Amino acid sequence: MDDEGSEDDKHIYEDDYYAFLNVPRDATAEEITNAYRRMSRAYHPDKHLDPIHKEEAELIFNKTKKAYEVLKDEHKRAIYDSLGVKGLETEGWEVIQRTKTPGEIREEYERLARQREDRRLQQRTNPKGSVTVNINATDLFSKYDYPYEYDLDDGFPNIEVSGMSVTQSIEAPLTSRDTATITGHLNTHNGTGSGTVTVANKRQYSEKGWWEICGGAGSGPILGLKGFRTLGRRTFANVESFLQFANNGIKSGLDATLAMHMDKQTMGYLTWRTGSSSSMSTTLIRDVESSHTSLTLLLGIPHSYLSIGHTFKFPKRDLKLKTALKAGTFGAVVEYGAEKKVSEQSTIAATVSVGVPTGVILRIRLTRATQNYLFPIQLCDEPLPSPVFYATVVPLLSWAIIKKFIIDPIQDEQKESKKQRQKDTYKTRMAEKRREAEAATNLMSVTFTRIRSEEESRRGLVITSAIYGRLASLSTSTNPFNDQEGMRENMTEDVIDVTIPLQCLVKDSKLIVYDSTKSQLPGFYDPCVGEEKALYVQYLFHSQMHQTTVADNEPLRIPRQSHRVNHT
């Protein structure tokens, strides 16, 4: 999470050329040229005689010229649209002089990116792991009835760890096509342990498929082979086989899966499995934004079953609610639970399983990045009401307490720490942006006076006041927008006055600001890094008062009848 946040931090102040010129991202060459000419009239150094103003104008004009030169050139614009400023700064663009289409530009960048990736492969590993701890807590709800002569009841329930398994793997890319993987597995149950170690090499032989060969040792030497192949636009196949040379003979197994995209949200799988147990299964999975549904029918030896599962997704709350039913020759099981994303890299889940002959099992799972920690807790060997109740209520209460007193404070502290880190990291850049915005506003004085006079004479669009930033920081006890003086008295360091730069964007009694961050507009800057920002505008049109508030990335188009303020 920290790495991703740091990567985002690097581009907080990356220039947005479209926003700076105030043109849409699909702007035509003519629209870009007109915007450049309009800004040149205000910022060209030759327009200013004062040495200080001339120096400020030169700085802003150079930025305007740079934005224009990038957007007017279809090749540079293609790079910028796809990759931003970092794409323009990438070394090795030898092909740029001979490319003819934006598509070729993107292909060349991808080629250069692959070369950089190849150079970093030797320094990369991708560790993955899982730890499973089996806990037997049946003594909580169903104590054993010992004979009188074996009275071992000491008043405390006996909770024990009945088994544990640990799996850890490390991937090491060797080339752009070959990846080596080392995997170790340890397992212990009721005092009996076993372990295996395997080494595998996966080769991507084409865009349509790969194969993997592996060898290992544990309860005898193991050889395995896996393969994947795309068969068509909507189908693919996966095959896995192994041979194990054990003391009691040679064991073998084969899994083959054929999959098909039924539609954009639905997948179908047909799987055939042989070995210690043989089976044939069919699975349908439908995954949409709000839910995930799966249906499986398995016919095999020694058991056959039918299972159906449904997950309700709540993306805005990073929450999933899961239910499942499984019934077959082994018995029947009902499962229900929840999964919550607690941070960018961490997820916690709890599932209650009630069935015959499995009893009641509470499974708690914690996922942190590529590490999984699973705790299956056997509460009862029979589906009794009391363990079901406690398995449901205790995790909910525990989560509520942990969230309120541990997770929420930590997350709040992390958010504040990230904001402060951004402010500290870009303190110099923020000051530079502020000076640039103030200089641009000073240079707009002549343009502002001319446009304001023209609009007042025709009873057109006159911006009476406009502020930008964290509007929630303003005092709500009084209305700060009654007049300019009242607005300034209520201003905080989290908001800035943008009346002048906004008036200078008015043309023919109309103002259009496109859907980009407004902090990139001339005369604007970001007064509150990391906070939600908005723009408040109060204006006169046909001598009638209007006002509106829009979010930072929300487009603004005025005047509008719906903005009119009705005075009673």
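Let me start with burial: a residue is buried under 20% relative accessible area, exposed over 50%, and partly exposed in between, with a 1.4 Å probe and protein chains only.

Ground rules next. What you see above is a predicted model, where local features need pLDDT of at least 70, side-chain atom pairs count only at pLDDT 80 or more, and totals for chains, interfaces and linings use all residues. Residues are numbered from 1 along each chain as its sequence is written, and side-chain values use heavy atoms, with hydrogens and water left out.

The overview. The protein has 568 residues, and buried ones make up 35% of them. There are twelve helices and 23 strands. Those are DSSP runs, numbered from the N terminus: helices are H or I with at least four residues, strands are E with at least two. On to contacts, meaning heavy atoms within 4.5 Å. Take the contacts with a separation of 6 or more: 44% of them come from residues 24 or more positions apart.

Now the rings. The structure holds ten aromatic pairs. The criterion: rings of Phe, Tyr and Trp (its six-membered ring) pair if their centres lie within 6.5 Å; planes under 30 degrees apart are stacked, over 60 edge-to-face, and the rest tilted. Y36 and Y68 are a stacked pair, at 4.1 Å centre to centre and 5° between the planes. Y36 sits in helix α3, residues 29-43, and Y68 in helix α4, residues 51-72, so this pair ties together parts 32 residues apart in sequence.

A second stacked pair is W210 with F228, at 6.1 Å centre to centre and 15° between the planes. W210 belongs to strand β5, residues 209-218, and F228 to strand β6, residues 220-230, so here the tied parts are 18 residues apart in sequence. W210 counts as buried, at 17% relative accessibility.

What sits over the ring of W210? The charged end of K202, 4.3 Å from the ring centre. The rule for that: NZ of Lys or CZ of Arg within 6 Å of the ring centre and within 35 degrees of the ring normal. K326 does likewise with Y305; its charged end is 4.2 Å from the centre of that ring. And Y17, Y18 and Y80 form one aromatic cluster.

Next, pockets. Rolling a probe the size of a water molecule over the atoms shows where empty space is left. The set-up is a 1 Å grid over the protein atoms alone; a pocket is an open set of points where a 1.4 Å probe fits, with protein on both sides within 12 Å along at least five of seven lines, and lining residues have an atom within 4 Å of a point. Points are joined across faces, edges and corners, and the volume is the space filled by probe spheres set on them.

How much space lies in the largest pocket? About 1,000 Å³. Its lining has 39 residues, with K340, I348, A349, P395 and W399 nearest the centre. Elements that give two or more residues are β13 (319-328), β14 (331-341), β15 (346-356), β16 (359-368), β17 (371-380) and α8 (385-425). Of these, α8 gives the most, with 15 residues. By class, the lining has 27 nonpolar, eight polar and four charged residues. Nonpolar here is Ala, Val, Leu, Ile, Met, Phe, Trp, Tyr, Cys and Pro; charged is Asp, Glu, Lys and Arg; the others, Gly among them, are polar.

Now backbone geometry. The peptide bond from I301 to P302 is cis, with omega near 15°. P302 is in the loop between β11 (291-301) and β12 (305-314). The bond from I558 to P559 is cis too, with omega near 10°. P559 falls in the segment after β23 (556-558).

R459 has phi near 55°. Its place is the loop between α10 (445-457) and β18 (461-469). R459 counts as partly exposed, at 45% relative accessibility. H542 also has a positive phi, near 55°. H542 lies in the loop between β21 (534-541) and β22 (544-551). At 40% relative accessibility, H542 is partly exposed.

G184 is partly exposed, with a relative accessible area of 26%. Leaving out residues up to four places away in sequence, G184 touches V166, T167, Q168, T196 and V197. The C-alpha atoms of G184 and Q168 are 5.4 Å apart, though the two are 16 residues apart along the chain.
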